[in-house]
Amino acid sequence: MTMLNKDMTLCISLSARPSNNGTRFHNHLYEQLGLNWIYKAFAPTDLAMAIAGVRGLGIRGCAISMPYKEDVIALVDRMDPSATAIDSVNTIVNDDGVLTAYNTDYSAIAQLIERNSLDPAASVLLRGSGGMAKATAAAFRDAGFTRVTIVARNEQTGRALADLYGFAWTADAGADTADVLVNVTPIGMAGGAEEHALSFTDDQIGAASVVFDVVALPAETPLIRAGRSAGKTVITGAEVATLQALEQFVLYTGIRPDPEQVRAAEEFMRAQ
């Protein structure tokens, strides 16, 4: 990596539980492309002050992760249609002090639905009701899925998300089975209180054909391990992380790496 210097362009990420995924992916691409840039992850103690720092220090880009994807909306100047459509932000670009919010989560989920040839006629259980769940639900809706049930203990946010896209809602995570299981909660995330827990039951996993976990740390969450063991098609959070991070990289730098460069960065990201 280029020696730190005063002319470096800085990009950061803000998350309650930062991982090294984005740090490794972006910095590897900077090095491959010879860019005098650096990327660093942070766990803010005050979101408003952190975003003020992005503006005041001239930080070029800022990735937003759980649980700040909705809270940050009030702190930016402009909302790109990708963020406005789902009221959720995962990317901020700073143009001379003007902060514009985007959402690259949606495009990542949409690409994975298409790549894995998921059948729109399939039933789906989507567990979660936060900002990432909005992006995920929107991608499934736009891919033609109608038999989707939002699973959320919080009735207010769960019903609101379900009503927004014409889906069903339930508070009972173990009540139903479905063809596709999607976890969009922190359950199974490394470092959390439920890092060893399953977001769906063994019976639900057994009845499903596809298991999809957006949690990227670890790459093999308890749900993904269980899905693999049961012989199911699995879609990992690491895949989501790569696709959404690539689009963030393009927004920050204006450069689209070639497929081989992306593969190298992805391999470096996963080798931690």
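**Briefing: cavity, pocket, sheet and rings**

Helix α9 gives the most to the lining of the largest cavity, with 6 residues. This is a predicted model, so to speak: local features need pLDDT of at least 70, side-chain atom pairs count only at pLDDT 80 or more, and totals for chains, interfaces and linings use all residues. Residues are numbered from 1 along each chain as its sequence is written, and side-chain values use heavy atoms, with hydrogens and water left out. Helices (H or I, at least four residues) and strands (E, at least two) are DSSP runs, numbered from the N terminus.

**The cavity**

- The structure holds 1 cavity of 30 Å³ or more, where a cavity is a set of points on a 1 Å grid over the protein atoms alone at which a 1.4 Å probe fits but cannot get out.
- Its volume is about 560 Å³, counted as the space filled by probe spheres set on the points, with grid points joined across faces, edges and corners.
- Lining residues (an atom within 4 Å of a point) number 30 here, and S19, S65, A216, A241 and Q244 are the closest to the centre.
- Two or more lining residues come from each of α1 (21-33), β2 (37-42), β3 (61-64) and α9 (237-253).
- By class, this lining splits into 16 nonpolar, 11 polar and 3 charged residues; Ala, Val, Leu, Ile, Met, Phe, Trp, Tyr, Cys and Pro count as nonpolar, Asp, Glu, Lys and Arg as charged, and the others, Gly among them, as polar.

**The pocket**

- The largest pocket has a volume of about 580 Å³; a pocket is an open set of points with protein on both sides within 12 Å along at least five of seven lines.
- Of the 29 residues lining the largest pocket, M66, G130, V184, T185 and P186 lie nearest its centre.
- Helix α5 (residues 131-142) supplies the largest share of that lining, 3 residues.
- The pocket lining has 12 nonpolar, 9 polar and 8 charged residues.

**The sheet**

- Six strands make an open sheet with mixed pairing, in the order β2-β1-β3-β5-β6-β4; two strands pair if DSSP finds at least two bridges between them.
- The edges belong to β2 and β4 (78-79), each with a single partner strand, so one side of each has no neighbour in the sheet.
- β5 and β6 (residues 98-102) run antiparallel to each other over 5 bridges, and V98 in β6 is the bridge partner of D95.

**Rings and charges**

- There are 4 aromatic pairs, taking rings of Phe, Tyr and Trp (its six-membered ring) with centres within 6.5 Å; planes under 30 degrees apart count as stacked, over 60 as edge-to-face and the rest as tilted.
- The Y30 and W37 rings have centres 5.7 Å apart and planes at 45°, so that pair is tilted.
- Y30, W37 and F249 form one aromatic cluster.
- Y30 is buried at 2% relative accessibility, and W37 is buried at 15%; buried means under 20% relative accessible area, exposed over 50% and partly exposed in between (1.4 Å probe, protein chains only).
- R24 lies over the face of F268, 3.9 Å from the ring centre, and the charged end of K40 sits over the ring of F42, 4.6 Å from its centre; the rule asks for NZ of Lys or CZ of Arg within 6 Å of the ring centre and within 35 degrees of the ring normal.

**A loop residue**

- A85 sits in the loop between α3 (81-84) and β5 (91-95), and at 59% relative accessibility A85 counts as exposed.
- A85 and A138 are 53 residues apart in sequence, with 8.9 Å from C-alpha to C-alpha.
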